[in-house]
Amino acid sequence: MKRTRVTAKLRLYPDPILKAVCEPVGDDEDVSGIIRDMMHILTNSKTGVGLAAPQAGHTKRVIIVAQAGFYTIMINPVLLDFSDIKAAREEWCLSYPGRSKTILRPTEVIVGYRLQNGLKDQRRMFDFQARIALHEIDHLDGKCKVGE
Ligand SMILES: [Zn+2]
């Protein structure tokens, strides 16, 4: 088997792809290449805790939430519910190096998404993990509060 070398590069501000509204992934669409590129960038970054597809050069609705060495891949993520309780915390973004911003976000969310095998799933996320998911979902709509 020929080994494919991953050459995906992290997209940095002011790359216009960071402003793109990403398209939903189709039911039969294979996004394994996109996920491979994203994992390559995320696992090679020292500080990244999440990544959205446009940061890897793809305008598809795919995010990865990383925490404690575990990676949750979410295809077509949708915010289903969120808490009224919010917290303000400092955030960073790999695509906006050197910047940070204190952002108010719900402390608890439920995110619906598709798995790589096509099945639907949802996850209740708290605190830092909820914040990562919300940050990455923003990217899919061409937004990043850290960079605004
Ligand atoms: Zn970001």
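For 148 residues, a compact globule would have a radius of gyration near 15 Å, and the chain agrees because its own value is 15 Å, where the radius is taken over C-alpha atoms and the globule rule is 2.2 Å times the number of residues to the power 0.38. This is a predicted model, in which local features need pLDDT of at least 70 and side-chain atom pairs count only at pLDDT 80 or more, while totals for chains, interfaces and linings use all residues. Residues are numbered from 1 along each chain as its sequence is written.

Along the sequence the pattern is α-β-β-β-β-β-β-β-α, with helices (H or I, at least four residues) and strands (E, at least two) taken as DSSP runs and numbered from the N terminus.

Strand 7 runs antiparallel to strand 6 and is joined to it by seven bridges, where two strands pair if DSSP finds at least two bridges between them. One of these links is between Ile-110 and its bridge partner Arg-124 in strand 7, and in the hairpin of the two strands, with five residues between them, Gly-118 takes a positive phi near 95 degrees. Phe-126 itself is 17 residues from Val-109 in sequence, yet their C-alpha atoms are 6.6 Å apart in space.

Leaving aside residues up to four places away in sequence, Phe-126 touches Thr-107 and Glu-108, a contact being C-beta atoms, placed from the backbone, within 7 Å. Phe-126 counts as exposed because it has 12 C-beta neighbours inside 10 Å, the classes being buried at 20 or more other C-beta atoms within 10 Å, exposed at 12 or fewer, and partly exposed in between.

Key:
Contact = placed C-beta atoms within 7 Å.
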